[in-house]
Amino acid sequence: MQGAPQWLRCEYLDNPVGIGLARPRLSWWVGDSRPAEIQTAYQILAASHPDLLDMDEGDFWDTGRVESRQTVLVEYDGKSLISSRRLWWKVRSFDSDGLPGPWSDSAFFEAGLFDVEDWRGRWICANLQGSRVARVPLPVFTRAFDLPGEVRSARLYVAALGDAAIQVNGHRQGKVDLPPNWVDYSKRVEYLTLDVGDSLRAGSNSISIVLADGCYAGNLGIGHRQQYGDKPWLLIQLNVSLADGEQRQFYTDSMWRWQPSWILGADPVAGESVAGSQIRPDWAGDTEQIGWYPVAVGERPEDLEIELTAAEPAEFSDPEEIAGELICWREESSTALFGFPQPVMGRVRVELLLPDGAAIKIRYGLEVDAALELEGPVSEDIYTAIGLESGEIFEALFSQHGFKYVEISGEFYSDAAVKVFGRSVGRPVLKTGTFLTDHPRLNQLHGAMVGELVRLRQSFPLARLSADGRLNTVAEFGAAIGGLMLNLSAATLATRWLRDMADSQFAQGGFPSVVPLPPGEEALGA
């Protein structure tokens, strides 16, 4: 029986928000269970409202009957898309007898900000600057504003020369942290689109953002810090549609304020240092109190010679959490070593019972020696406890580590005072291939390989998990892309990597050995 098309996707994604292409590409599966049946034609409708689709009308695009077997990457060719506007679409297939099947369920895609003129604000930063070897406390930015009525929808557009964590009215946006993006910041910067309508309310509201050095001013895993710039910058725009139809916009300008946060230093490779006693659940606090400073206001987006492009729309899921097993406790040095059944790319959540002001050091590694000491490249986080009688929890906000072992040392006097859970960081990965033989060891080998591919599938392709080996060479990733595509849904990663390749191409046509190429490592392009 001929069925309706299924799994409608736009640019490989389900119902994406913040698409940066004026002519996005649409794909679907033909829902026909009959043997040897094929699609001979299709029809697509795209409309500004789902009710129009229910009436089989497409006010933005009606392809009519198109004689084609194509079901993948059909380019949108309707009316011009409008920044921040959502379109609903559906499709039906015609079988080998030329008969139409039922319409699919509706799907949607939503445009981001297409033109640089759509951005109303300016880049802002804090007057807080480290060096090529030293880090400084991370700034937290905030802006309070009022809304005169109920919110129908709201989109927050966030661009950072660095890495950002976001709160709206005290609520973190997204279920998990995404790994830091890295692009050639001399060519372009990506912005993320977030749906924040459920977090806003009539009356007073606030946006708060902790801004880290990220790959812009932090350590890239090779060379010194600050290879692109000496401090991170932030560009924000909030578009709000109220229930009565009124439109409001808020953006980065001189109205924003900043102060040093509880994170005393953060780096995507070297790790994070946190003062627990300074943490505020609501990052905004009271901006009328002493300690909030005016921001430094920089250029408008159109005045910088870099392109603003939409990041891959964020897909959030609860992170995988793995309990660490205590391997060794050294009472004389108050050091506990924990191990995990498999490597993790991310960070740990540590449950602590410590006195006020006690500090712990969390060191991450992939190997231990015969004496159960971490060996090879290691990275670390540092936390100073509050001293709550009921215990407390520490989890870094920005650092990202590859580890199978975690060593915790500090001012605690029993291994019972600390518990460790590994938490993976990254985008959800759909496994698209399976492999099964009658040889258990071969199946185990394939499973381990796919697990490693999942851990390395970050916002840019990693070569290895270790802090000193993350940069992927063009040759390494080019050789691995075949296996990656056969096992995982990695089309968006491959597309992004090809765009990074285009950004890094030399004037004479050649490519560097590493993409993106760190500015301070020109020799890698030789």
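Modeller: In this chain, 75% of the contacts with a separation of 6 or more are between residues 24 or more positions apart. Contact here means heavy atoms within 4.5 Å.

Biologist: What kind of model is this, and how are the residues numbered?

Modeller: It is a predicted model, in which local features need pLDDT of at least 70 and side-chain atom pairs count only at pLDDT 80 or more, while totals for chains, interfaces and linings use all residues. Residues are numbered from 1 along each chain as its sequence is written, and side-chain values use heavy atoms, with hydrogens and water left out.

Biologist: What does the secondary structure come to?

Modeller: The chain has 5 helices and 34 strands. These are DSSP runs numbered from the N terminus (helices are H or I, at least four residues; strands are E, at least two).

Biologist: How does the radius of gyration agree with that of a compact globule?

Modeller: A compact globule of 526 residues would have a radius near 24 Å, and the chain has 25 Å, so the two agree. The radius is taken over C-alpha atoms, and the globule rule is 2.2 Å times the number of residues to the power 0.38. Along its principal axes, the C-alpha trace spans about 80 × 65 × 55 Å.

Biologist: What percentage of the residues is buried?

Modeller: Buried residues make up 52% of the 526. Buried means under 20% relative accessible area, exposed means over 50%, and partly exposed lies in between (1.4 Å probe, protein chains only).

Biologist: Let us turn to the sheets. In what order do β1, β3 and β7 stand?

Modeller: They form an open antiparallel sheet in the order β1-β3-β7. β1 (6-10) and β7 stand at the edges with a single partner strand each, so one side of each has no neighbour in the sheet. Strand β3 (residues 25-29) pairs with β7 over 2 bridges, where pairing requires that DSSP finds at least two bridges between the strands. Leu-26 has Val-74 in β7 as its bridge partner.

Biologist: Which residues does Thr-71 contact?

Modeller: Apart from neighbours within four places in sequence, Thr-71 is in contact with Leu-26, Ser-27, Trp-28, Val-30 and Gln-39. Thr-71 is found in the loop between β6 (66-67) and β7 (74-75), and it counts as buried because its relative accessibility is 18%. The C-alpha atom of Thr-71 is separated by 9.2 Å from that of Ser-93, 22 residues along the chain.

Biologist: Now the backbone. Which peptide bond is cis?

Modeller: The bond between Val-515 and Pro-516 is cis, with omega about -10°. Pro-516 belongs to the segment after α5 (491-504). Most peptide bonds are trans, and most residues other than glycine have a negative phi.

Biologist: What is the phi of Glu-11, and what is that of Asp-56?

Modeller: Neither is a glycine, yet Glu-11 has a positive phi of about 50° and Asp-56 has a positive phi of about 60°. Glu-11 is in the loop between β1 and β2 (17-19), whereas Asp-56 is in the loop between α1 (50-54) and β5 (61-62).

Biologist: Are those two buried or exposed?

Modeller: Glu-11 counts as buried because its relative accessibility is 9%. Asp-56 has 41% and therefore counts as partly exposed.
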